[in-house]
Amino acid sequence: MTVHHLNELLLISSLVLLVAVVAVRVSTRSGLPTLLIYLGIGVAIGQDGIGVTFDDARLTQVLGYAALVVILAEGGLGTKWREIKPALPMAAMLATVGVAVSVGVTAAAAHFLVGLEWRQALIIGAVVSSTDAAAVFSVLRRVPLPSRLTGALEAESGFNDAPVVILVVAFSAHGPIDHWYVLLGEIALELAIGAAVGLAVGLLGAYGLRHVALPASGLYPIAVMAIAVAAYAGGALAHGSGFLAVYLASLVLGNARLPHWPATRGFAEGLGWIAQIGMFVLLGLLVTPHELADDIWPALIVGLALTVAARPVSVLLSLAPFRISWREQALLSWAGLRGAVPIVLATIPVVGSVPDSRRVFNIVFLLVIVYTLVQGPTLPWLARRLRLGTEDAAADLGIESAPLERLRGHLLSVTIPPESKMHGVEVSELRLPPGAAVTLVVRDGTSFVPLPSTVLRRGDELLVVATDPVRDAAERRLRAVGKGGKLAGWLGTDGAQS
């Protein structure tokens with residue numbers, strides 16, 4: 001590649017990124033999932049559009065896996081443990097029993113209604129049974145749902161990639177398909193190994209980052225993402241589920257109150273957007289639009305069976321042991337969003353040269369586009385109709401911690417959001433533990449040393465110095481006052497990080 005060709009590639013890449021960034025605003029206003037716009041960009045610059053030819057399914061699969069690792073890491077870092085903890089049993093059932101039921105019902109529909117051979121039908125059933133982390137994280141965080149439902153859906157999307165990947169690989173392998181009990185054993189073993197590796201790497205990484213003062217704040221986001229990727233690689237090399245490992249490691253890191261957390265969160269979110277844009281555009285390039293016409297009706301039929309039969313039945317059966325109202329079941333059924341994950345998984349049979357694998361890919365591609373277009377924008381409306389929407393909770397305090405290693409202390413940077421009940425509270429009414437004090441207030445671009453009687457206002461930025469022994473207690477107290485005001489202790493407001 002010459003320097004001239006490199007410059008052309010950089011120009012095209014930068015233009016694609018800029019168009020994709022603008023598309024996010026269009027998506028936010030219209031409620032249209034961003035993945036459809038990114039896929040459209042890929043199709044537009046492909047061989048039926050501008051004319052860029054790309055048909056390397058193996059490279060797409062490798063890059064898609066890499067992007068999924070980043071997306072799962074970003075999702076885990078942004079998932080609040082307090083919200084998903086009560087929903088973990090539900091998410092586990094949806095990601096295991098729910099996946100099994102969905103695969104069976106969808107495969108039966110693909111075989112009997114569309115006429116696909118059983119191997120191709122099972123591949124499609126497995127591929128589309130995985131809810132997409134990127135779609136779920138991006139759509140649900142804009143929909144004010146009860147925390148139990150949001151937690152269940154987010155955790156499910158992080159968990160169900162692992163069993164689905166195992167099933168797709170097994171169904172795509174040459175030779176007879178393993179017995180069901182063999183597949184169950186493989187899934188259980190890989191999930192156990194992946195969970196163990198992910199939790200171990202996450203806990204060790206969090207401990208190290210909290211006790212080692214790096215020389216520059218910009219190194220913390222890099223270290224966090226490196227730990228998350230190491231969890232994926234470690235889980236995969238140990239013959240476990242790398243996807244589950246990276247999600248659990250990121251979940252641990254995201255709830256460990258690490259130094260410079262807002263910067264780390266912003267860095268991970270930026271990488272997540274780049275991964276989504278690159279993956280969707282690449283998948284759009286891989287598809288050949290003029291070959292899709294013959295597979296439109298099969299995609300609609302399989303998608304309809306998945307949406308109105310397979311997903312509702314899987315929710316009903318997998319959540320039978322829990323107290324779930326019919327309204328919550330209806331929302332969970334409709335919120336089983338598909339996205340890039342099924343399309344990436346559909347490249348596995350293509351790479352494995354499975355008969356009719358290209359048709360399987362086209363059906364999955366069309367199914368994802370049509371039903372994401374239907375489900376994503378209508379989800380907020382359905383939540384309101386089912387009376388499951390909740391008012392947006394008051395924004396939590398933005399607290400960034402920087403270790404002061406030589407002084408055996410921490411410098412906490414606190415931003416008071418507009419909805420915080422810390423507005424109107426005097427400094428003395430914070431009642432921080434001994435060993436912690438507000439040393440500086442920045443208001444409207446002006447900094448000053450506060451008095452005990454200084455009244456805090458929304459938008460203020462505080463610098464709080466705390467010694468090592470009281471650092472956690474000081475942060476808990478600040479969060480409690482942010483949620484409950486000066487009477488937080490009397491009202492029993494929980495100061496735990498949300």
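This is a predicted model: local features need pLDDT of at least 70, side-chain atom pairs count only at pLDDT 80 or more; totals for chains, interfaces and linings use all residues.

**Greasy patch**

I looked up a nonpolar surface patch of about 620 Å², made by Phe112, Leu113, Trp118, Trp297 and Ile301. Patch members have over 30% relative accessible area and no salt bridge, and nonpolar side chains (Val, Leu, Ile, Met, Phe, Trp, Tyr) are joined within 5 Å. A salt bridge here is a side-chain nitrogen of Lys or Arg within 4 Å of a carboxyl oxygen of Asp or Glu. Areas are Shrake-Rupley with a 1.4 Å probe.

Numbering runs from 1 along each chain, and side-chain values use heavy atoms, without hydrogens and water.

Ile301 sits in helix α14 (residues 296-318); helices are DSSP runs of H or I, at least four residues, numbered from the N terminus. I found Ile301 partly exposed at 32% relative accessible area (buried is under 20%, exposed over 50%). Ile222, in helix α11 (residues 219-237), is partly exposed too, at 48%. I also checked Ile222 against Thr264: they are 42 residues apart in sequence and 8.0 Å apart C-alpha to C-alpha.

**Second largest pocket**

Which residues lie nearest the centre of the second largest pocket? I got Ser13, Ile45, Val281, Leu282 and Leu285, out of 23 lining residues. α13 gives the largest share of that lining, 8 residues. By type, the lining splits into 20 nonpolar, 3 polar and no charged (Asp, Glu, Lys and Arg count as charged; Gly is among the polar ones; Ala, Val, Leu, Ile, Met, Phe, Trp, Tyr, Cys and Pro are nonpolar). A pocket is an open set of points on a 1 Å grid where a 1.4 Å probe fits, with protein on both sides within 12 Å along at least five of seven lines; lining residues have an atom within 4 Å of a point.

How values were computed:
Helices (H or I, at least four residues) and strands (E, at least two) are DSSP runs, numbered from the N terminus. Buried means under 20% relative accessible area, exposed over 50%, partly exposed in between (1.4 Å probe, protein chains only). Patches are made of residues with over 30% relative accessible area and no salt bridge: like charges are joined within 9 Å, nonpolar side chains (Val, Leu, Ile, Met, Phe, Trp, Tyr) within 5 Å.
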